[in-house]
Amino acid sequence: MAGCPSASGQRKVKPAAQLLRFKATPAVGQPLLAPLILNCGNPAYSAQRAAAAALHAKSAPVAARPLHYVLLSEAALADPVFLGELALLVQRGALGVGAEMLVLGLPPGATPNVDLADRIAPVFRALADSRVIISHATSWDLRLATEPPSAAEMKGGRITLHQATPFWRVGMDVLSAAAAVEVAGGAGVRSFRSLLGDWLGFEPALRVADRGAAAFAVTAGELA
Amino acid sequence: MSGAARPRLAVDVTPLLDDQWTGIPVFTRRLVEALEASGRVELEFCVRLNRLPAEPVRRAIRMGSGALLRALYERGALSAAGAIDPAVPLFYASVKEAPGVALREASTIHDIGTLTMPETHTPENVRYHLDPLRAQLRTDETVFCCSEATQAALVTAFPWVAPKTRVLHQYVEWPDNFDLLDRNQRPIGLGRYAVAVGTIEPRKNLGLLLRALEHPQVVASGIRFLVIGRRGWLVDQALSRLGTEARKRVVFTASSRNS
């Protein structure tokens, strides 16, 4: 136990941190994968269609590329910086663009037995509100997952975490199998990076928003 | 003997979803017709990153309206064609809503009035054009401008775009036998009219023309003002400034194709 005298002369004690981490990701529910079927004009109906097309993880089409797992929560989806970046990832992921296959970890439901459609709907609503154009074609190039991928599936892939997601549910087996762990989001992302670094034992990368690709206004007289 | 395979080109035909085709939808129609007539590319059609079957697009072009095409698209009846292939070059006939998705992209700038004269547009229109503009230009391999004036205005605002701009004229449809048609036109005894053709919007100086109706000499002449074109934006403000007498001398017609 480390300690040092404080300014008042009292001894200040900092106990060693007890890192409450899962060695192996616990299986909480049935691992389901749903394809992206998003008509931004009707996200609720799209969520029902996507849920109806969901398959058990073992039956889904095999991922031929390394995975990019992005864990979501409704609070994370309310972060405009995170949502803007996510929507661009989804736009490209739905078309199979990029070296990785995007897997979105669905927000946990309000109750243990919540319908899959009710877990998908907030994600689709947020993506529709982002104003980023996303193809409404059915795509298995992007998956919506009820459970994190296995360590074997995650090998060589990437994990993106937001401070408002239940990242502690992902075990060290999966986190250490990934080639990269990164944090994303707006306010507080740097302090979350520091906290997550302490928790993981290594410093995660900071995902910088692709400002060039993101939509933002131009002004008269710009000479960039 | 089979010929060499033609390169594929996807054209974003979002403007064709409009009911009434004036301006940009007409440009889009003529662009598609010209590309098909050239026989040099294998054309594909798309809207907002979704492929469209060719036949409904060609039917809309024959009909001169996108009402049916839009109804089919919004109902999901055209979704079987799937998403676009990002490997196929993508040519936007107007605003590029999803910059940087395809490996090779080009788009068309019709005017940058939303940037230089935003007061003549609604805020939604300004946002629609300007939000993606920088990314649109940055990700374009070629930026087509529909006139030299548009090209000059664009390059003034964004000098770094100059090397990749090209002018693509498609607006004017001038039949070969126009002189003959004009000479044989029977005189029309309808009195004196001034006519404005085009989408009705402030940038076309419609407000100024309407105010001219109240000039004493114009009032004395008995001239009437005929406006032919799709109703655009901010029209009510222009009309509200007119007096009752002047308003009686303004006639709005239905839209005219190719106006």
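Predicted model: local features only at pLDDT ≥ 70, side-chain atom pairs only at ≥ 80, totals over all residues.
Residues are numbered from 1 along each chain as its sequence is written, chains are lettered from A and ligands numbered from 1 in the order in which they are written, and side-chain values use heavy atoms, with hydrogens and water left out.

Helices (H or I, at least four residues) and strands (E, at least two) are DSSP runs, numbered from the N terminus. Eight strands of chain A form an open sheet with mixed pairing, in the order E4-E3-E7-E6-E5-E8-E9-E10; two strands count as paired if DSSP finds at least two bridges between them. Its edges are strand E4 (55-56) and strand E10 (205-206), each of which pairs on one side only. Within the sheet, strand E5 (residues 67-71) and strand E8 (residues 158-161) of chain A run parallel and are joined by 3 bridges. A:Val70 has A:Thr160 in E8(A) as its bridge partner.

Attention then turns to side-chain packing. A nonpolar core is a set of buried Ala, Val, Leu, Ile, Met, Phe, Trp, Tyr and Cys residues joined through side-chain atoms within 4.5 Å. Buried means under 20% relative accessible area, exposed over 50%, and partly exposed in between (1.4 Å probe, protein chains only). The largest such core holds 36 residues, and those with the most contacts inside it are A:Leu86, A:Val90, A:Leu104, A:Ile120, A:Phe124 and A:Leu127. At least two residues each come from strand E3 (32-36), helix H1 (43-52), helix H2 (74-77), helix H3 (80-93), strand E6 (101-105), helix H4 (116-129) and strand E7 (139-145) of chain A. H4(A) gives the most, with 8 residues. Contact means heavy atoms within 4.5 Å; leaving aside neighbours within four places in sequence, A:Leu127 is in contact with A:Leu38, A:Leu83, A:Leu86, A:Ala87, A:Val90 and A:Ile134. A second, separate core of 28 residues includes B:Leu31, B:Phe45, B:Ala106 and B:Leu168.

A:Leu95, in the loop between H3 and E6 of chain A, counts as buried because its relative accessibility is 9%. Not counting residues up to four places away in sequence, A:Leu95 touches A:Ser135 and A:Asp141 as well as B:Leu49, B:Ala83, B:Ile84, B:Pro86 and B:Val101. The C-alpha atoms of A:Leu95 and A:Ala137 are separated by 9.1 Å, with the two residues 42 apart along the chain. B:Leu49 is found in the loop between strand E2 (42-47) and strand E3 (50-52) of chain B. Its phi is near 70°, a positive value in a residue other than glycine, and at 2% relative accessibility B:Leu49 counts as buried. A:Arg131 likewise has a phi near 70°, positive in a residue other than glycine. A:Arg131 sits in the loop between H4 and E7 of chain A and, at 52% relative accessibility, counts as exposed.

On a 1 Å grid over the protein atoms alone, a cavity is a set of points where a 1.4 Å probe fits but cannot get out, and a pocket is an open set with protein on both sides within 12 Å along at least five of seven lines; lining residues have an atom within 4 Å of a point. The whole structure has 3 cavities of 30 Å³ or more. The largest cavity has a volume of about 80 Å³, and of its 14 lining residues A:Tyr69, A:Leu71, A:Leu106, A:Pro148 and A:Arg169 are the closest to its centre. The second largest cavity, of about 40 Å³, has a lining to which H2(B) makes the largest contribution, 4 residues. The largest pocket has a volume of about 1200 Å³. It is lined by 42 residues, of which B:Ile24, B:Pro25, B:His129, B:Arg230 and B:Trp233 lie nearest its centre. H5(B) gives the most to this pocket lining, with 5 residues.

Key
Points joined across faces, edges and corners; volume = space filled by probe spheres on them.
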